[in-house]
Amino acid sequence: MRDQAESLRMHMLRSQGLIGKSIAVVSGKGGVGKSNFTTNFSNTLASHGKKVIIVDMDIGMGNIHILLGESARKSLKNYLQGECTLQEVTFEGPNGLKYISGGTGMVGLMEWSERMFNRLIEAFEELQKSFDYILFDMGAGATNWSLDLLVAVEDIIVVSTTEPTSITDAYSMMKYIHYKDPDKNFYLLCNRTMDQDEGLDALRRLSHAMSRFLAKDVILLGSLPEDPLVRQAVRKQVPFSILFPNAPITKTLREITDRYMQGCIEEVHAPAQTNKFLSKLKSIFSKGRD
């Protein structure tokens, strides 16, 4: 089995050319609006003419297709089990935004068969060739397999609120990931704030904790306010960035998206000597498979 894994790794490393950026959106706890942010952030990226896809990794609890007002007839689970092609589980939302539902009944990746694992790598390799941004909407909290996936992606956006428990959980999440990969890029976003000062204070506390206890610098994306328009958009199953294009929260999200893109614009679709995301992912999931 190791020979097959090594062969796959070499095949991926030989794959030269333009590849998209892999981003994971995480939170330390549920209820912070992570999936809603992922949906609207992705839509805003797509509105800039970028090719964007969301892979819903909130296993068994995925709701990206619901937030988009869509119905996912097939899921990543169906693809991994060999029941359909990658194209058959890829659906289109607004502004050309694509998404893949996670499905239900999936267990830890470490229990997947070799065939499923190889199909996972093949899928991510294909997505990196086809999209500018691949966003993984992760489930709240951390599991062994989700931490391994988080080590493989290039950037991690951490969503928190101003609640002390949310801030603490966000810090714990980053700490676990940092111990596995000290070079990981963290982008912090505070959601559902009463005002900009409250959000900035929460972000600074997180940043200070990372700097003081882990000697790790993080990037502050900004904060999004608590807004009743968000709830209206969720009820109507339309992203608020589409339903309310002129609302203050949408304008703030555009600024946050621009800030992220400006910081990464030179890296997106830059020629790569090695595919670090796939190389890391293969290395992690091949452990203990020989």
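**Close-up views of a predicted model**

**View 1. Helix α7 crosses helix α8 in a right-handed sense.** A crossing counts as right-handed if the near helix is turned clockwise from the far one by less than a right angle, and as left-handed if anticlockwise. The contact (heavy atoms within 4.5 Å) draws on Ile167, Ala170, Tyr171, Met174, Lys175, His178 and Tyr179 of α7, and on Ala202, Arg205, Leu206, Ala209, Met210, Phe213 and Leu214 of α8. Sorted by type, these residues are eleven nonpolar, one polar and two charged; here Ala, Val, Leu, Ile, Met, Phe, Trp, Tyr, Cys and Pro are nonpolar, Asp, Glu, Lys and Arg charged, and the others, Gly among them, polar. α7 spans residues 164–180 and α8 residues 196–214, and they pack at about 35 degrees with axes 10 Å apart. Axes are lines fitted to C-alpha atoms, for helices over the stretch in contact, and angles run from 0 to 180 degrees between N-to-C directions. Helices (H or I, at least four residues) and strands (E, at least two) are DSSP runs, numbered from the N terminus.

This is a predicted model, so to read it: local features need pLDDT of at least 70, side-chain atom pairs count only at pLDDT 80 or more, and totals for chains, interfaces and linings use all residues. Residues are numbered from 1 along each chain as its sequence is written, and side-chain values use heavy atoms, leaving out hydrogens and water.

**View 2. Here is the open sheet of eight strands, with mixed pairing.** Its order is β4-β5-β3-β6-β2-β7-β8-β9, where two strands pair if DSSP finds at least two bridges between them. At the edges, β4 (91–92) and β9 (219–225) each pair on one side only. Strands β3 (residues 52–57) and β6 (residues 133–138) run parallel, joined by six bridges, and Met57 stands opposite Met138.

**View 3. Strand β8 is mostly covered.** Six parallel bridges pair β7 with β8, and Ser160 faces Cys190 in β8.

**View 4. Phe136 sits in the largest nonpolar core.** Such a core is a set of buried Ala, Val, Leu, Ile, Met, Phe, Trp, Tyr and Cys residues joined through side-chain atoms within 4.5 Å. Among its 49 residues, Phe124, Leu127, Phe136, Leu150, Ile156 and Phe277 touch the most other members. Helix α5 (residues 114–130) gives the most to this core, seven residues.

Conventions: Buried < 20%, exposed > 50% of the residue type's maximum accessible area, 1.4 Å probe, protein only.
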